[in-house]
Amino acid sequence: MSEIQFATPQTVKEAVKCLAGAKGKARVLAGGTDLLVQLRAGFVRPGLIVDIKHIPELRKVKREDGGFRIGAAVSGAELGANAAVKKAWPGVVEGLELIGSTQIQGRASLGGNLCNGSPAADSVPALIAAAATCHIAGPKGTREAKVEDIVSGPGKTTLKPGEFVVSFFLPKRPKRSGDAYLRLIPRTEMDIAVVGAGVSLALDSKGVCTEARVALGAVAPKAVLVKAAGKALVGTKVDDAALEAMAAACRDACKPIDDKRGTVAYRTKVAGVLAQRAARIALARATGE
Amino acid sequence: MAKHHVTTTINGDPAEFLCETQQTLLDCLRDELGLTGSKEGCASGDCGACSVMLDGRLVCACLVLGVEAEGATIETIEGVAQGDELHPLQKHFLEDAALQCGVCTPGFIVAAKALLEHNPDPTETEARYWLAGNLCRCTGYDKIIKAVMNAAAEMRGA
(Lines give C-alpha, C1' and ligand atoms only; values in the text may rest on other atoms or scores of the structure.)
Protein backbone atom coordinates (compact mmCIF):
# COMPACT_ATOMS: atom_id res chain seq x y z
CA MET A 1 0.00 0.00 0.00
CA SER A 2 1.59 3.25 -1.09
CA GLU A 3 1.78 6.19 1.27
CA ILE A 4 -0.65 9.07 1.08
CA GLN A 5 1.08 12.38 0.40
CA PHE A 6 -0.14 15.49 2.19
CA ALA A 7 0.05 19.10 1.06
CA THR A 8 -0.87 22.41 2.70
CA PRO A 9 -0.84 25.00 -0.07
CA GLN A 10 -0.94 28.62 1.05
CA THR A 11 -2.52 30.03 -2.13
CA VAL A 12 -5.16 28.97 -4.64
CA LYS A 13 -2.46 28.80 -7.33
CA GLU A 14 -0.35 26.45 -5.22
CA ALA A 15 -3.38 24.27 -4.52
CA VAL A 16 -4.16 23.95 -8.22
CA LYS A 17 -0.53 22.99 -8.85
CA CYS A 18 -0.64 20.35 -6.08
CA LEU A 19 -3.88 18.85 -7.39
CA ALA A 20 -2.65 18.83 -10.98
CA GLY A 21 0.67 17.23 -10.07
CA ALA A 22 -0.79 14.47 -7.89
CA LYS A 23 0.24 10.88 -8.46
CA GLY A 24 -2.95 8.88 -8.17
CA LYS A 25 -6.23 10.40 -7.08
CA ALA A 26 -6.08 13.64 -5.14
CA ARG A 27 -8.65 14.55 -2.52
CA VAL A 28 -9.34 18.01 -1.17
CA LEU A 29 -9.53 18.27 2.63
CA ALA A 30 -11.67 21.01 4.14
CA GLY A 31 -13.35 20.04 7.43
CA GLY A 32 -12.70 16.35 6.84
CA THR A 33 -15.98 15.23 8.39
CA ASP A 34 -16.80 13.13 5.33
CA LEU A 35 -13.30 12.48 3.95
CA LEU A 36 -11.88 10.99 7.15
CA VAL A 37 -14.82 8.62 7.49
CA GLN A 38 -14.36 7.51 3.88
CA LEU A 39 -10.60 7.06 4.36
CA ARG A 40 -11.11 4.96 7.45
CA ALA A 41 -13.74 2.80 5.79
CA GLY A 42 -11.45 2.28 2.81
CA PHE A 43 -13.95 3.86 0.38
CA VAL A 44 -11.22 6.14 -0.89
CA ARG A 45 -7.48 5.66 -1.12
CA PRO A 46 -6.07 8.90 -2.51
CA GLY A 47 -2.45 9.37 -3.52
CA LEU A 48 -2.57 12.90 -2.18
CA ILE A 49 -4.63 14.87 0.32
CA VAL A 50 -4.61 18.64 -0.18
CA ASP A 51 -5.58 20.62 2.93
CA ILE A 52 -7.03 23.86 1.59
CA LYS A 53 -7.61 25.48 4.98
CA HIS A 54 -4.34 27.43 4.93
CA ILE A 55 -5.48 29.45 1.90
CA PRO A 56 -6.83 32.75 3.27
CA GLU A 57 -9.77 33.15 0.85
CA LEU A 58 -11.05 29.67 1.73
CA ARG A 59 -11.58 30.79 5.35
CA LYS A 60 -13.02 34.27 4.87
CA VAL A 61 -16.51 35.73 4.80
CA LYS A 62 -16.72 39.19 3.22
CA ARG A 63 -19.24 41.52 1.63
CA GLU A 64 -19.17 41.68 -2.15
CA ASP A 65 -21.49 43.53 -4.56
CA GLY A 66 -24.11 43.88 -1.84
CA GLY A 67 -24.00 40.14 -1.15
CA PHE A 68 -21.50 37.85 0.53
CA ARG A 69 -18.46 35.87 -0.55
CA ILE A 70 -18.04 32.84 1.73
CA GLY A 71 -14.88 30.74 1.66
CA ALA A 72 -15.57 27.11 0.84
CA ALA A 73 -13.84 25.90 4.04
CA VAL A 74 -15.58 28.27 6.48
CA SER A 75 -17.01 26.05 9.21
CA GLY A 76 -20.63 25.90 10.33
CA ALA A 77 -19.62 27.33 13.71
CA GLU A 78 -17.91 30.27 12.02
CA LEU A 79 -20.76 31.02 9.62
CA GLY A 80 -23.31 30.61 12.41
CA ALA A 81 -21.48 33.31 14.37
CA ASN A 82 -21.66 35.75 11.43
CA ALA A 83 -24.64 37.97 12.25
CA ALA A 84 -24.67 39.75 8.87
CA VAL A 85 -24.90 36.56 6.79
CA LYS A 86 -27.41 35.09 9.21
CA LYS A 87 -29.61 38.17 8.87
CA ALA A 88 -29.46 38.26 5.07
CA TRP A 89 -29.60 34.52 4.34
CA PRO A 90 -30.95 32.77 7.45
CA GLY A 91 -32.03 29.74 5.40
CA VAL A 92 -28.51 29.09 4.14
CA VAL A 93 -27.04 29.41 7.62
CA GLU A 94 -29.69 27.20 9.22
CA GLY A 95 -29.08 24.56 6.52
CA LEU A 96 -25.35 24.44 7.26
CA GLU A 97 -25.94 24.55 11.02
CA LEU A 98 -28.23 21.49 10.88
CA ILE A 99 -25.32 19.29 9.85
CA GLY A 100 -24.17 16.98 12.64
CA SER A 101 -23.21 17.83 16.20
CA THR A 102 -21.41 20.76 17.82
CA GLN A 103 -18.18 18.85 17.12
CA ILE A 104 -19.04 18.47 13.43
CA GLN A 105 -19.99 22.15 13.24
CA GLY A 106 -16.45 23.00 14.34
CA ARG A 107 -15.20 21.63 11.00
CA ALA A 108 -17.97 21.02 8.44
CA SER A 109 -18.05 23.49 5.53
CA LEU A 110 -20.27 24.53 2.64
CA GLY A 111 -17.62 23.42 0.16
CA GLY A 112 -17.31 19.98 1.69
CA ASN A 113 -21.05 19.50 2.07
CA LEU A 114 -21.55 20.31 -1.62
CA CYS A 115 -18.58 18.42 -3.08
CA ASN A 116 -19.19 15.28 -0.99
CA GLY A 117 -22.16 14.89 -3.32
CA SER A 118 -24.70 13.50 -0.86
CA PRO A 119 -28.30 13.85 -2.12
CA ALA A 120 -29.25 14.66 1.49
CA ALA A 121 -26.65 17.41 2.07
CA ASP A 122 -28.46 19.94 4.26
CA SER A 123 -26.79 23.14 3.07
CA VAL A 124 -27.28 22.46 -0.63
CA PRO A 125 -31.04 23.03 -1.17
CA ALA A 126 -30.78 26.35 0.68
CA LEU A 127 -27.79 27.40 -1.45
CA ILE A 128 -29.64 26.45 -4.63
CA ALA A 129 -32.76 28.32 -3.50
CA ALA A 130 -30.55 31.34 -2.78
CA ALA A 131 -29.22 31.25 -6.38
CA ALA A 132 -25.73 30.93 -4.92
CA THR A 133 -22.80 30.45 -7.26
CA CYS A 134 -19.40 28.83 -6.79
CA HIS A 135 -16.03 30.24 -7.69
CA ILE A 136 -13.96 27.33 -8.95
CA ALA A 137 -10.20 27.19 -9.55
CA GLY A 138 -8.47 24.65 -11.73
CA PRO A 139 -5.61 24.04 -14.12
CA LYS A 140 -7.35 26.06 -16.85
CA GLY A 141 -7.99 29.06 -14.64
CA THR A 142 -11.06 30.04 -12.69
CA ARG A 143 -14.75 29.81 -13.51
CA GLU A 144 -18.13 30.49 -11.94
CA ALA A 145 -20.87 27.89 -11.74
CA LYS A 146 -24.33 27.63 -10.25
CA VAL A 147 -24.48 25.47 -7.14
CA GLU A 148 -27.14 23.25 -8.75
CA ASP A 149 -24.70 22.38 -11.56
CA ILE A 150 -21.93 21.01 -9.30
CA VAL A 151 -23.29 17.66 -8.13
CA SER A 152 -24.06 15.14 -10.88
CA GLY A 153 -25.17 12.20 -8.73
CA PRO A 154 -24.49 10.53 -5.37
CA GLY A 155 -20.82 11.17 -4.55
CA LYS A 156 -20.15 12.61 -8.00
CA THR A 157 -19.50 16.17 -9.16
CA THR A 158 -18.97 17.97 -12.44
CA LEU A 159 -15.66 19.36 -11.18
CA LYS A 160 -12.88 18.46 -13.61
CA PRO A 161 -9.65 16.86 -12.41
CA GLY A 162 -7.62 19.43 -10.50
CA GLU A 163 -10.57 21.75 -9.92
CA PHE A 164 -11.86 22.73 -6.50
CA VAL A 165 -14.44 25.14 -5.07
CA VAL A 166 -12.79 28.23 -3.62
CA SER A 167 -15.83 30.17 -2.43
CA PHE A 168 -19.56 30.72 -2.68
CA PHE A 169 -21.31 33.93 -3.62
CA LEU A 170 -24.65 34.76 -2.06
CA PRO A 171 -26.25 37.57 -4.05
CA LYS A 172 -27.60 40.82 -2.74
CA ARG A 173 -30.97 40.48 -1.06
CA PRO A 174 -33.76 42.48 -2.65
CA LYS A 175 -36.05 44.34 -0.27
CA ARG A 176 -38.91 42.24 1.12
CA SER A 177 -37.22 38.92 0.56
CA GLY A 178 -36.57 35.92 2.75
CA ASP A 179 -35.34 32.35 2.71
CA ALA A 180 -35.70 29.24 4.85
CA TYR A 181 -34.58 25.62 4.97
CA LEU A 182 -36.32 22.75 6.72
CA ARG A 183 -35.53 19.08 6.86
CA LEU A 184 -37.38 16.10 8.15
CA ILE A 185 -35.58 13.60 10.35
CA PRO A 186 -37.19 11.04 12.65
CA ARG A 187 -35.49 12.59 15.69
CA THR A 188 -34.60 16.13 16.70
CA GLU A 189 -30.85 16.16 16.11
CA MET A 190 -27.90 14.24 14.61
CA ASP A 191 -29.52 12.61 11.60
CA ILE A 192 -29.54 12.69 7.82
CA ALA A 193 -32.41 14.38 6.00
CA VAL A 194 -35.24 12.13 4.85
CA VAL A 195 -36.41 15.19 2.93
CA GLY A 196 -34.99 18.72 2.84
CA ALA A 197 -36.62 21.83 1.38
CA GLY A 198 -35.13 25.26 0.74
CA VAL A 199 -37.20 28.25 -0.37
CA SER A 200 -36.14 31.79 -1.22
CA LEU A 201 -38.66 34.41 -2.33
CA ALA A 202 -39.10 38.14 -2.84
CA LEU A 203 -42.25 40.29 -2.74
CA ASP A 204 -43.19 43.65 -4.22
CA SER A 205 -44.64 46.49 -2.14
CA LYS A 206 -48.13 44.98 -2.46
CA GLY A 207 -46.99 41.62 -1.16
CA VAL A 208 -47.06 39.92 -4.55
CA CYS A 209 -44.29 37.40 -5.06
CA THR A 210 -41.89 38.59 -7.78
CA GLU A 211 -39.38 35.77 -7.66
CA ALA A 212 -39.17 32.42 -5.93
CA ARG A 213 -36.80 29.49 -5.98
CA VAL A 214 -37.57 26.13 -4.39
CA ALA A 215 -35.02 23.33 -4.03
CA LEU A 216 -35.42 19.85 -2.56
CA GLY A 217 -32.89 17.48 -1.02
CA ALA A 218 -32.95 13.71 -0.45
CA VAL A 219 -35.76 13.06 -2.94
CA ALA A 220 -33.61 12.46 -6.03
CA PRO A 221 -30.01 11.41 -6.83
CA LYS A 222 -29.01 15.02 -6.22
CA ALA A 223 -30.57 18.16 -4.77
CA VAL A 224 -32.99 19.56 -7.31
CA LEU A 225 -34.12 23.05 -8.23
CA VAL A 226 -37.88 22.75 -8.80
CA LYS A 227 -38.50 25.55 -11.26
CA ALA A 228 -42.23 24.82 -11.53
CA ALA A 229 -42.56 25.18 -7.76
CA GLY A 230 -40.98 28.63 -7.84
CA LYS A 231 -43.23 29.59 -10.76
CA ALA A 232 -46.31 28.54 -8.82
CA LEU A 233 -45.57 31.28 -6.27
CA VAL A 234 -44.62 34.11 -8.61
CA GLY A 235 -47.49 36.53 -9.20
CA THR A 236 -49.39 35.33 -6.13
CA LYS A 237 -49.61 36.57 -2.57
CA VAL A 238 -48.24 33.19 -1.47
CA ASP A 239 -51.70 32.22 -0.31
CA ASP A 240 -52.92 28.69 0.41
CA ALA A 241 -53.83 27.99 -3.22
CA ALA A 242 -50.40 29.08 -4.45
CA LEU A 243 -48.70 27.05 -1.74
CA GLU A 244 -50.70 23.98 -2.71
CA ALA A 245 -49.75 24.44 -6.37
CA MET A 246 -46.11 24.80 -5.28
CA ALA A 247 -46.37 21.63 -3.16
CA ALA A 248 -47.84 19.72 -6.11
CA ALA A 249 -44.89 20.81 -8.28
CA CYS A 250 -42.52 19.61 -5.55
CA ARG A 251 -44.23 16.23 -5.37
CA ASP A 252 -43.95 15.92 -9.17
CA ALA A 253 -40.20 16.55 -8.98
CA CYS A 254 -39.54 13.74 -6.48
CA LYS A 255 -37.74 10.60 -7.59
CA PRO A 256 -36.71 9.35 -4.16
CA ILE A 257 -35.18 6.10 -3.00
CA ASP A 258 -37.33 3.71 -1.03
CA ASP A 259 -35.73 2.65 2.23
CA LYS A 260 -36.39 2.09 5.91
CA ARG A 261 -35.91 5.81 6.58
CA GLY A 262 -38.67 6.80 4.18
CA THR A 263 -40.73 5.15 1.51
CA VAL A 264 -41.21 6.75 -1.90
CA ALA A 265 -44.77 7.73 -1.00
CA TYR A 266 -43.73 9.20 2.34
CA ARG A 267 -40.80 11.20 1.02
CA THR A 268 -42.90 12.52 -1.85
CA LYS A 269 -45.72 13.66 0.40
CA VAL A 270 -43.35 15.19 2.95
CA ALA A 271 -41.48 17.11 0.21
CA GLY A 272 -44.66 19.08 -0.50
CA VAL A 273 -45.42 19.65 3.18
CA LEU A 274 -41.90 20.78 4.06
CA ALA A 275 -41.66 23.08 1.05
CA GLN A 276 -44.93 24.72 2.14
CA ARG A 277 -43.70 25.20 5.69
CA ALA A 278 -40.34 26.55 4.48
CA ALA A 279 -42.18 28.93 2.12
CA ARG A 280 -44.32 30.22 5.01
CA ILE A 281 -41.16 30.92 7.04
CA ALA A 282 -39.50 32.62 4.05
CA LEU A 283 -42.67 34.68 3.57
CA ALA A 284 -42.74 35.73 7.21
CA ARG A 285 -39.09 36.75 6.95
CA ALA A 286 -39.76 38.68 3.74
CA THR A 287 -42.58 40.63 5.36
CA GLY A 288 -40.57 41.17 8.52
CA GLU A 289 -43.04 39.29 10.71
CA MET B 1 7.84 9.45 2.04
CA ALA B 2 9.11 9.87 5.53
CA LYS B 3 6.60 10.36 8.29
CA HIS B 4 5.36 13.85 8.99
CA HIS B 5 7.05 15.60 11.87
CA VAL B 6 4.30 17.55 13.63
CA THR B 7 4.98 20.33 16.13
CA THR B 8 2.00 21.43 18.13
CA THR B 9 0.81 22.70 21.52
CA ILE B 10 -1.18 20.37 23.75
CA ASN B 11 -2.67 21.57 27.03
CA GLY B 12 -0.32 24.53 26.98
CA ASP B 13 2.84 22.51 26.48
CA PRO B 14 4.83 22.14 23.27
CA ALA B 15 4.56 18.65 21.82
CA GLU B 16 5.84 16.86 18.75
CA PHE B 17 5.19 13.55 17.12
CA LEU B 18 5.70 11.60 13.92
CA CYS B 19 2.74 10.34 11.93
CA GLU B 20 1.56 9.12 8.58
CA THR B 21 -0.98 11.13 6.58
CA GLN B 22 -3.93 8.87 7.30
CA GLN B 23 -3.37 8.75 11.07
CA THR B 24 -6.04 10.72 12.88
CA LEU B 25 -5.33 13.21 15.62
CA LEU B 26 -6.95 10.71 17.97
CA ASP B 27 -4.49 7.98 16.89
CA CYS B 28 -1.63 10.41 17.41
CA LEU B 29 -2.79 11.55 20.84
CA ARG B 30 -3.29 8.00 22.06
CA ASP B 31 -0.62 5.99 20.26
CA GLU B 32 2.17 8.47 19.63
CA LEU B 33 1.84 10.73 22.68
CA GLY B 34 0.32 8.34 25.24
CA LEU B 35 -2.58 10.72 25.93
CA THR B 36 -5.18 7.98 26.25
CA GLY B 37 -7.84 10.09 27.97
CA SER B 38 -9.55 10.79 24.63
CA LYS B 39 -11.42 7.62 23.73
CA GLU B 40 -12.21 5.96 20.45
CA GLY B 41 -15.88 5.02 20.31
CA CYS B 42 -17.18 5.03 16.76
CA ALA B 43 -14.19 6.52 14.87
CA SER B 44 -16.66 8.22 12.55
CA GLY B 45 -17.63 11.42 14.33
CA ASP B 46 -20.92 10.14 15.74
CA CYS B 47 -20.19 9.46 19.42
CA GLY B 48 -18.02 12.35 20.64
CA ALA B 49 -15.85 10.18 22.92
CA CYS B 50 -12.76 11.72 21.30
CA SER B 51 -13.87 15.35 21.73
CA VAL B 52 -10.96 17.78 21.97
CA MET B 53 -10.50 21.49 21.41
CA LEU B 54 -8.60 22.41 18.25
CA ASP B 55 -7.70 26.10 18.03
CA GLY B 56 -10.59 26.91 20.35
CA ARG B 57 -13.20 24.82 18.50
CA LEU B 58 -14.78 21.64 19.80
CA VAL B 59 -14.05 18.83 17.32
CA CYS B 60 -13.90 15.05 17.14
CA ALA B 61 -10.22 14.08 17.13
CA CYS B 62 -11.14 11.06 14.99
CA LEU B 63 -12.16 13.45 12.19
CA VAL B 64 -8.92 15.45 12.24
CA LEU B 65 -5.71 14.24 10.65
CA GLY B 66 -2.68 14.21 12.94
CA VAL B 67 -0.75 16.33 10.45
CA GLU B 68 -3.41 19.03 10.74
CA ALA B 69 -2.21 19.62 14.30
CA GLU B 70 0.93 21.29 12.94
CA GLY B 71 1.12 24.72 14.55
CA ALA B 72 -2.28 24.26 16.22
CA THR B 73 -3.36 24.56 19.83
CA ILE B 74 -5.03 21.46 21.23
CA GLU B 75 -6.74 20.93 24.55
CA THR B 76 -7.63 17.45 25.75
CA ILE B 77 -9.23 15.92 28.84
CA GLU B 78 -5.74 15.62 30.36
CA GLY B 79 -5.61 19.42 30.62
CA VAL B 80 -8.96 19.91 32.34
CA ALA B 81 -7.90 19.33 35.96
CA GLN B 82 -5.35 21.72 37.47
CA GLY B 83 -2.92 19.29 39.09
CA ASP B 84 -4.89 17.47 41.77
CA GLU B 85 -7.68 20.05 41.64
CA LEU B 86 -10.59 18.67 39.65
CA HIS B 87 -12.56 20.94 37.36
CA PRO B 88 -16.10 21.60 38.67
CA LEU B 89 -17.44 19.46 35.83
CA GLN B 90 -15.25 16.53 36.87
CA LYS B 91 -16.27 17.00 40.50
CA HIS B 92 -19.97 17.06 39.65
CA PHE B 93 -19.72 14.07 37.30
CA LEU B 94 -18.40 12.12 40.31
CA GLU B 95 -20.78 13.57 42.90
CA ASP B 96 -23.84 13.20 40.68
CA ALA B 97 -22.88 9.71 39.46
CA ALA B 98 -22.91 10.90 35.87
CA LEU B 99 -20.86 7.97 34.63
CA GLN B 100 -20.89 4.22 34.69
CA CYS B 101 -18.43 2.62 32.28
CA GLY B 102 -16.70 5.96 31.75
CA VAL B 103 -15.79 5.68 28.07
CA CYS B 104 -17.91 8.65 27.07
CA THR B 105 -16.95 10.75 30.10
CA PRO B 106 -13.80 12.50 28.81
CA GLY B 107 -15.66 13.57 25.68
CA PHE B 108 -18.64 14.80 27.69
CA ILE B 109 -16.41 16.81 30.00
CA VAL B 110 -14.44 18.43 27.16
CA ALA B 111 -17.67 19.21 25.28
CA ALA B 112 -19.46 20.51 28.39
CA LYS B 113 -16.47 22.69 29.26
CA ALA B 114 -16.67 24.20 25.77
CA LEU B 115 -20.39 24.79 26.30
CA LEU B 116 -19.87 26.60 29.60
CA GLU B 117 -17.11 28.77 28.15
CA HIS B 118 -19.46 29.70 25.32
CA ASN B 119 -22.59 29.98 27.47
CA PRO B 120 -22.08 30.01 31.27
CA ASP B 121 -25.81 29.82 31.96
CA PRO B 122 -27.34 27.33 29.52
CA THR B 123 -30.86 26.04 29.80
CA GLU B 124 -31.23 22.30 30.10
CA THR B 125 -32.44 22.21 26.49
CA GLU B 126 -29.39 24.15 25.30
CA ALA B 127 -27.11 21.77 27.18
CA ARG B 128 -28.86 18.74 25.69
CA TYR B 129 -28.57 20.10 22.13
CA TRP B 130 -24.94 21.13 22.58
CA LEU B 131 -24.14 17.63 23.87
CA ALA B 132 -26.20 15.81 21.22
CA GLY B 133 -22.96 14.69 19.59
CA ASN B 134 -21.84 12.87 22.73
CA LEU B 135 -23.35 9.45 23.17
CA CYS B 136 -23.65 7.57 26.45
CA ARG B 137 -25.02 4.03 26.48
CA CYS B 138 -25.06 3.67 30.29
CA THR B 139 -26.59 6.59 32.11
CA GLY B 140 -29.61 7.64 30.09
CA TYR B 141 -28.18 11.18 30.08
CA ASP B 142 -30.22 12.65 32.93
CA LYS B 143 -27.40 12.41 35.44
CA ILE B 144 -24.94 13.84 32.93
CA ILE B 145 -27.16 16.83 32.26
CA LYS B 146 -27.72 17.30 36.01
CA ALA B 147 -23.95 17.27 36.58
CA VAL B 148 -23.41 19.83 33.81
CA MET B 149 -26.13 22.11 35.17
CA ASN B 150 -24.77 21.82 38.73
CA ALA B 151 -21.22 22.53 37.54
CA ALA B 152 -22.50 25.53 35.57
CA ALA B 153 -24.25 26.87 38.67
CA GLU B 154 -21.13 26.39 40.79
CA MET B 155 -18.94 28.09 38.20
CA ARG B 156 -21.30 31.07 38.07
CA GLY B 157 -21.03 31.26 41.84
CA ALA B 158 -24.73 30.53 42.17
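Helices (H or I, at least four residues) and strands (E, at least two) are DSSP runs, numbered from the N terminus. The model shown is predicted: local features need pLDDT of at least 70, side-chain atom pairs count only at pLDDT 80 or more, and totals for chains, interfaces and linings use all residues. Residues are numbered from 1 along each chain as its sequence is written, with chains lettered from A and ligands numbered from 1 in the order in which they are written.

**View 1. Helix 5 of chain B and the residue that follows.** Helix 5 of chain B comprises the 15 residues 142–156. Its end C-alpha atoms are 21 Å apart, in agreement with the 21 Å that the helix should span at 1.5 Å a residue (the expected span is 1.5 Å times one less than the number of residues). After helix 5 of chain B comes Gly157(B), with a positive phi near 80°.

**View 2. The four-stranded sheet of chain A.** Four strands of chain A form an open sheet in the order 11-12-13-14, with antiparallel pairing (strands pair if DSSP finds at least two bridges between them). Strand 11 (177–184) and strand 14 (224–225) of chain A each have a single partner strand, so one side of each is left without a neighbour in the sheet. Helix 5 (residues 90–97) of chain A packs on the sheet, touching strand 11 and strand 12 of chain A. Eight bridges join strand 12 (residues 195–203) to the antiparallel strand 13 (residues 209–217) of chain A. Leu201(A) has Ala212(A) in strand 13 of chain A as its bridge partner.

**View 3. The surroundings of Asp51(A).** Asp51(A) is located in strand 3 (residues 48–51) of chain A. This residue counts as buried because it has 22 C-beta neighbours inside 10 Å. Leaving aside residues up to four places away in sequence, Asp51(A) touches Ala7(A), Thr8(A), Leu29(A) and Glu68(B) (contact requires C-beta atoms, placed from the backbone, within 7 Å). Phe6(A) is 45 residues from Asp51(A) along the chain, and their C-alpha atoms are separated by 7.5 Å.

How values were computed. Contact = placed C-beta atoms within 7 Å. Axes fitted to C-alpha atoms, helices over the stretch in contact; angles between N-to-C directions. Buried ≥ 20, exposed ≤ 12 C-beta atoms within 10 Å, placed from the backbone.
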